[in-house]
Amino acid sequence: MERPGRLLLLSELRVRNSAYDVSLSRSLLTWKRRISSPVYHPFRPSVCHSVSVSEIISVREEEEENICKRRDDGSWKKIKEREGKDCRQAFTVLYVERCPQHRWRCAEVTFTCSEAALCQRWVNSIREQLSAITSRPKQLLVYINPYSGKRQGKRIYEQKVAPLFAQAGVSTHVIATEHADYARDHLRTEAELKKFDGVVCVGGDGMFSEIIHGLIWRTQIDGGVDPNCADEALLPCSLRIGIIPAGSTDCICFATVGTNDPVTSALHIIVGDSQPMDVCSVHHNNIFLRYSVSLLGYGFYGDVLTDSERKRWMGPARYDLSGVKMFLTHHYYEGAVSYLPARGIMGTPRDAARCRSGCVVCQHNGKQLSEKAERYEMDEASESESEGEWRTIRGKFLAINAASMSCACPRSPKGLSPAAHLSDGTTDLILVRKCSRFDFLRHLLRHTSKDDQFDLNFVEVHRVRRFCFTPRHCQSDSDLDLRENGKHQIFSQICRDHPACGCAPAYSSWNCDGEILTHTAIDVRVQSNLIRLFARGIEEPTVFEDLTSPCAI
């Protein structure tokens with residue numbers, strides 16, 4: 001509890017006909033019930049509540065009619081007594097309340113004052129503190145995908161999110177997307193970004209991908225940066241991005257907030273949270289392909305996505321069917337992976353610690369990367385020296401995955417790489433070499449278990465800043481174009497030692513955040529802290545216990 005000298009207001013107010021000592025400082029709003037009896041009751045429930053000012057959503061004065069009805073018992077005598085008097089002597093504070101499983105809810109408490117002047121003083125003081133929080137958005141550009149998930153995006157926004165924005169005084173400009181890539185193209189060309197404090201997408205991971213592609217591209221073009229140059233560091237986006245989950249998986253929201261709950265995400269936007277995130281830029285021969293924020297998968301995950309695209313009529317169940325089919329097919333692919341290891345950083349892919357709110361690893365590594373970037377600008381030779389650190393691994397792989405975050409979701413609570421970080425400037429490169437079906441099943445099952453996912457002799461993982469992949473038979477773009485157009489393969493391969501069949505495809509496809517890449521040979525670079533979300537990372541469970549426990553004054 002803060003010292004009385006640092007308090008802005010201290011008054012005796014009433015909550016539900018009980019007397020409370022209510023105090024307001026620059027950081028906390030606290031109300032503690034006055035105990036009439038001096039006898040100590042060890043089992044009496046908590047009578048002290050404390051809310052951070054930064055997590056107050058809004059404050060409103062109660063309407064005169066509501067207060068009169070609440071105080072009067074309906075008798076004519078009391079109504080006559082209050083005639084001609086000012087009944088506006090109460091105010092309601094709306095604030096964030098934490099619930100299990102990282103969910104947030106909008107709670108409220110009504111304080112009754114002894115006089116109208118005191119009530120007005122409290123309302124003005126709280127509003128002054130809220131207006132001083134510059135990180136809170138005032139104008140938002142909202143894109144709604146009415147077709148994502150179960151086509152509930154518009155209903156979720158109108159019924160659950162819009163009322164919260166209105167209560168918090170957040171103005172919005174809402175656009176319903178009409179077709180695929182509508183939001184991306186609108187952000188690239190038409191959107192007047194200077195009018196807004198952030199961009200919000202209502203939809204799934206595909207909708208979020210559209211937003212970042214449009215916003216990052218627009219930022220680079222406005223800043224004079226060529227997005228097609230794989231060696232050029234990209235400019236970070238100034239606008240924060242909010243995600244209102246309304247899709248099938250909502251992996252990004254789950255990994256950055258801890259739950260796929262629209263109300264929780266809306267409250268994170270209102271309080272103005274900011275979580276930096278790394279983005280991987282994917283190129284082919286200095287031609288930009290896509291940005292990735294979660295998973296780049298070649299082999300198993302690429303084949304699952306490719307096969308599932310032919311079964312879109314099945315809905316989300318198509319992923320399960322394609323996963324079983326690709327597991328039984330058991331294709332492996334030959335190629336070379338070259339990577340630039342991340343040096344001088346904290347953390348490894350096999351750490352027990354996880355990336356959480358206020359992550360020390362992200363803060364330390366982000367600082368290290370910024371210092372290195374400054375040295376590179378001062379010493380041009382530094383970049384050439386770093387080229388000597390490249391390492392190359394050749395072999396036959398069942399899967400090649402690059403996880404820029406844990407990739408956790410309700411089906412896989414730990415994710416593909418549990419110790420991956422959101423903003424440390426690296427990605428976890430996971431190589432699964434050719435093995436038996438049983439061993440590969442062991443690897444897949446560990447995504448849902450508590451075992452070390454990489455403690456297998458056919459799996460290796462590296463924390464990298466950049467990597468390239470070249471399939472064995474990829475010698476020119478024309479070879480890949482023939483394959484992609486369905487024509488015969490020039491470099492077809494006889495798989496004499498393949499366990500499933502006499503021959504196997506020479507190429508897989510890259511799964512880039514749920515989208516199929518048009519090229520197999522790619523160059524991937526991690527762009528540190530390129531975007532920021534209206535989030536704060538997943539909070540530890542101890543945070544909830546501390547904030548709900550009785551406070552001492």
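These legends describe close-up views of a predicted model. Local features need pLDDT of at least 70, side-chain atom pairs count only at pLDDT 80 or more, and totals for chains, interfaces and linings use all residues. Residues are numbered from 1 along each chain as its sequence is written, and side-chain values use heavy atoms, with hydrogens and water left out.

**View 1. Helix H4 against helix H8.** H4 spans residues 153-167 and H8 spans residues 262-270. Helices (H or I, at least four residues) and strands (E, at least two) are DSSP runs, numbered from the N terminus. The two axes come within 10 Å and cross at roughly 30°. H4 is therefore roughly parallel to H8 (angles under 35 degrees count as roughly parallel, over 145 as roughly antiparallel, 65 to 115 as roughly perpendicular and the rest as oblique). Axes are lines fitted to C-alpha atoms, for helices over the stretch in contact, and angles run from 0 to 180 degrees between N-to-C directions.

**View 2. Residues at the contact of H4 with H8.** H4 contributes Ile156, Lys160, Val161, Leu164 and Phe165. H8 contributes Pro262, Val263, Ala266, Leu267, Ile269 and Ile270. Contact means heavy atoms within 4.5 Å. By class, there are 10 nonpolar, no polar and 1 charged residues (Ala, Val, Leu, Ile, Met, Phe, Trp, Tyr, Cys and Pro count as nonpolar, Asp, Glu, Lys and Arg as charged, and the others, Gly among them, as polar).

**View 3. Arginine 466 and aspartate 231.** Their side chains meet in a salt bridge, 2.8 Å from N to O (a side-chain nitrogen of Lys or Arg within 4 Å of a carboxyl oxygen of Asp or Glu). Aspartate 231 lies in the loop between helix H6 (205-222) and strand E11 (240-245), and arginine 466 in strand E18 (residues 459-471), so the pair ties together parts 235 residues apart in sequence. Aspartate 231 is exposed, at 51% relative accessible area; arginine 466 is buried, at 10%. Buried means under 20%, exposed over 50%, partly exposed in between (1.4 Å probe, protein chains only).

**View 4. Arginine 466 and aspartate 523.** This salt bridge also has an N to O distance of 2.8 Å. Aspartate 523 sits in strand E21 and arginine 466 in strand E18, 57 residues apart. Both residues are buried.

**View 5. Aspartate 273 and arginine 536.** The closest N and O atoms of this salt bridge are 2.8 Å apart. Aspartate 273 is in the loop between H8 and strand E12 (275-284). Arginine 536 is in the loop between strand E21 (522-533) and helix H15 (541-548), 263 residues apart from aspartate 273. Aspartate 273 counts as buried at 9% relative accessibility, and arginine 536 is buried at 18%. A network of salt bridges links Glu55, Arg98, Asp273, Arg536 and Glu539.
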